[in-house]
Amino acid sequence: MSDEEAFSKYVALRFVHNGGKPFCERCNSQDLYFISTRRKWKCANKGCQRHFSPTTDTPFASRKLSYRDILIAIALFAKEPKGLPAIRLSHQLEVGYKTAFVLLHKIREQVGIEQHRHKLRGIVEIDGGYNGGYVRPFNNQGDRIDRRATRYSEKRKCVCIMRERGGRSRAFICSETEAARLAPEVIEPGSIIVSDYHPAYNRLRSQYHVLRVNHDKQFADGNASTNWAESYFARLDRAEKGIFHRFAGEYFSAYVNEISWREDTRRQSDLQKFDALAHLMTRGGVSRRWKGYWQRRKAAA
């Protein structure tokens, strides 16, 4: 695909709700001048005269990458089952690591917003697990400790997943006590909640029908199981150990939401996931966190 073809494809994605035809979103005018040397439009409305491109007011605003590379990055992100590391994307696009890092986090930011847009309903499973962080072992054998017992250290975080059976999921970095308090804001009334015997979930009995399974004795008790939640943690663990190797605390929530999205779309084709991601990346506003990230303009962006 040439960059001219990629530009036409991106324009069609950006203005798909207008039949692929560009228009000024400030005054809704379709009377435009096309500036071919800059691949931008100028609104012909004398009261507006706005200059804009297909990436204006989107997460890719002020981008320097070609449209071809942007579309390839979205496609590569969509096809990976457990995540795409920035070092691999930098090799595939032949760009710097910093460029790939920010590009991927812009996508993860929009994915996270989409994941938390809707409430959950039906049968919703809730469970918590510990991920992230790293405890360096001591050099001498006698000084080493059992690192499996360090899951409550400050570096490791509790991830709580709320997941519909056969539907959407929402992930949070919080304790299970906080997750139980948050549940009424996330899960619609009348839903059925399935959890383990953590005492924090007792408070949900007054608002929901709650099914419990004692994991000390069995994985499932009839219809009471958290296998859908455990499926999420299995993918999160493999992403941490096999793809990213470590989740940095500041960006942990971005990876948690990404894996939630990958679990929800695991049965979709690569084309369906690409179309969904392209829709997100051409609709979301300017990323205030990631625009100018490496220039240290995060606060002023």
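**Close-up 1. Gln49 in this predicted model is partly exposed.** The relative accessible area of Gln49 is 41%. You will find this residue in the loop that lies between β2 and β3. Have a look at its backbone too: Gln49 is not a glycine, yet its phi is positive, at about 50°.

**Close-up 2. Ser62 is another residue to look at for its backbone angle.** Is Ser62 buried or exposed? With 55% relative accessibility, Ser62 counts as exposed. Its place is in the loop between β3 and α2, the helix of residues 67–79. Phi of Ser62 is near 65°, which is a positive value in a residue other than glycine.

**Close-up 3. Three strands make an open sheet.** Follow the strands across and you meet them in the order β1-β2-β3, with antiparallel pairing. Which strands stand at the edges? They are β1 (32–35) and β3 (51–52); each has a single partner strand, so one side of each is left without a neighbour in the sheet. Strand β2, residues 40–43, is joined to β3 by 2 bridges, and the two run antiparallel. Here Trp41 stands opposite Phe52 in β3. As a reminder, strands of a sheet pair through backbone hydrogen bonds.

**Close-up 4. Helices α4 and α8 cross each other.** Helix α4 spans residues 97–115 and helix α8 spans residues 270–281. Their axes come within 10 Å and cross at roughly 95°. Angles of 65 to 115 degrees count as roughly perpendicular, and therefore α4 and α8 are described that way. From α4, the contact is made by Lys106, Ile107, Gln110, Val111 and Glu114, while α8 brings Leu277, Leu280 and Met281. What kinds of residues are these? The contact of α4 with α8 divides into 5 nonpolar, 1 polar and 2 charged residues.

**Close-up 5. Ile74 sits in the largest nonpolar core.** How many residues does this core have? It has 57, and those with the most contacts inside it are Ile74, Leu89, Tyr232 and Leu277. Helix α2 gives the largest share of this core, 8 residues. Leaving aside neighbours within four places in sequence, Ile74 is in contact with Phe60, Ile107, Phe274, Leu277, Ala278 and Met281. Apart from this core lies another, of 19 residues, with Ile126, Ala179, Ile187 and Leu204 among them.

Conventions: Residues numbered from 1 in each chain as written. Predicted model: local features only at pLDDT ≥ 70, side-chain atom pairs only at ≥ 80, totals over all residues. Heavy atoms only, no water. Pairing = 2+ DSSP bridges. Helix = DSSP H or I, 4+ residues; strand = E, 2+ residues; numbered from the N terminus. Axes fitted to C-alpha atoms, helices over the stretch in contact; angles between N-to-C directions. Parallel < 35°, antiparallel > 145°, perpendicular 65-115°, else oblique. Contact = heavy atoms within 4.5 Å. Nonpolar A, V, L, I, M, F, W, Y, C, P; charged D, E, K, R; others polar. Buried < 20%, exposed > 50% of the residue type's maximum accessible area, 1.4 Å probe, protein only. Core = buried A, V, L, I, M, F, W, Y, C linked by side-chain atoms within 4.5 Å.
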